[in-house]
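Subject: A structure for you to look at

Hi there,

Here is the structure I promised to pass on.

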Amino acid sequence: MGIIRKDYILDRWVYYATKRGKRPREFKSVEVKSSAKQCFFCPKNEHLTPPEIGRTEYKNSWKMRWFLNKFAAIEKKGKPFLKLKKYFSEGNSYGIHEIITETPHHKSQLADLPVKDIKELLEVYAFRIKKLGKVNGIKYVQVFKNHGKDAGTSLVHSHSQVMALSQIPSLVMEKINVIKKHKKCPYCDIIKLESKSKRKIFETKNVVAFAPFASRFNYEAWIFTKQHKRTMEELNGNEYHDIAFALKKILVKLKKVSASYNFFIHYSPAKENLHFHIEITPRTATWGGFELSTDAIINSVMPEDAAGFYRR
């Protein structure tokens with residue numbers, strides 16, 4: 001008999017059909033290769049990108065650098081506006097789209113970097129969120145990473161993306177609106193319960209990583225701070241370190257099975273109370289007609305099994 005599960009707080013359902021799944025070692029795929037000589041993001045090719053906005057340095061060279069996306073999905077042109085009508089609402093896709101190159105080494109991926117470098121990248125995320133969040137017309141800064149051809153990446157050189165938006169994303173607002181119906185943060189309760197469940201992947205004094213109860217993606221994992229922190233600005237050094245440690249632990253496991261993945265950050269907009277967290281969504285299965293026609297997902301891996309995979 002199959003199982004269906006509902007997200008902790010959202011009206012989102014997942015169907016579990018484990019017979020459709022494959023063991024982790026069976027979903028290896030060939031990674032897209034590219035030449036470092038043609039890479040936009042490699043050292044000595046800086047002239048191929050838009051002007052640099054900022055960098056971190058190591059031994060008189062850049063360690064990480066960020067700049068506008070040459071093929072931006074949104075641009076800071078005109079003024080942000082939205083015309084709401086009964087059926088035909090539209091507006092200006094006003095915003096800022098940046099790239100963060102995570103390492104100068106073409107063959108190194110985020111999973112290969114030491115924890116201290118991943119911690120530094122998280123701090124760069126926080127810096128860009130704070131800086132871009134102050135731009136007039138910007139209401140939310142979405143940070144995300146695509147890794148692998150099945151996750152939508154087009155360039156192999158390890159990088160993250162930052163999009164400063166004139167609207168708060170619908171998914172973030174959905175979480176915020178549900179949280180308002182609770183007397184206290186529901187995620188604070190959830191992480192306490194999951195830290196004692198079979199879905200727990202990893203735990204430190206400051207953070208807990210777990211496979212969510214109604215995970216939509218095979219081997220999906222979430223990382224939360226144990227203390228209720230709304231934004232990355234509120235994190236302390238130990239929390240940054242432990243988040244980096246947990247993220248590396250998860251990404252190393254995904255690398256071993258050559259899984260494409262996305263991850264993204266959700267934090268609280270001003271005056272709201274969303275618990276900051278990171279969601280990692282491996283892309284080892286393709287959504288088909290059922291998912292597109294129902295907005296429900298079929299997952300072939302139970303989260304309890306996913307957590308066991310990471311713990312092993």
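Below is what was found, taken region by region.

A word on the basis: this is a predicted model, in which local features need pLDDT of at least 70, side-chain atom pairs count only at pLDDT 80 or more, and totals for chains, interfaces and linings use all residues. Residues are numbered from 1 along each chain as its sequence is written, and side-chain values use heavy atoms, with hydrogens and water left out.

Let's start with a sheet. Three strands make up an open sheet with mixed pairing, in the order β1-β2-β15. (Strands are DSSP runs of E, at least two residues, and helices are runs of H or I, at least four, both numbered from the N terminus; two strands pair if DSSP finds at least two bridges between them.) At the edges are β1 and β15 (297-299), each pairing on one side only. Strand β2 (residues 13-16) runs parallel to β15, joined to it by three bridges, and Val14 has Ile297 as its bridge partner in β15.

Ile4 belongs to strand β1 (residues 3-6). With 46% relative accessibility, Ile4 counts as partly exposed, since buried means under 20% relative accessible area and exposed over 50%, with partly exposed in between (1.4 Å probe, protein chains only). Together with Trp13, Tyr15 and Phe290, Ile4 makes a nonpolar surface patch of about 370 Å². (Patch residues have over 30% relative accessible area and no salt bridge; nonpolar side chains, meaning Val, Leu, Ile, Met, Phe, Trp and Tyr, are joined within 5 Å, and like charges within 9 Å. A salt bridge is a side-chain nitrogen of Lys or Arg within 4 Å of a carboxyl oxygen of Asp or Glu.)

Next, a hairpin: three residues link β10 to β11. Strand β10 (residues 200-203) pairs with β11 (residues 207-210) in the antiparallel sense over three bridges, and Phe202 stands opposite Ala209 in β11.

(The expected span is 1.5 Å times one less than the number of residues.) The buried residues of α1 include Val115, Ile118, Leu122 and Ile129.

Finally, two loop residues. Asn60, between β3 (52-58) and β4 (61-68), has a positive phi near 65° without being a glycine, and is exposed at 84% relative accessible area. Asp295, in the loop between α5 (289-294) and β15, also is not a glycine and has a positive phi of about 65°; Asp295 is exposed, at 66%.

Happy exploring!

Note on methods
Areas by Shrake-Rupley, 256 points an atom, 1.4 Å probe, with all protein chains shown as cover.
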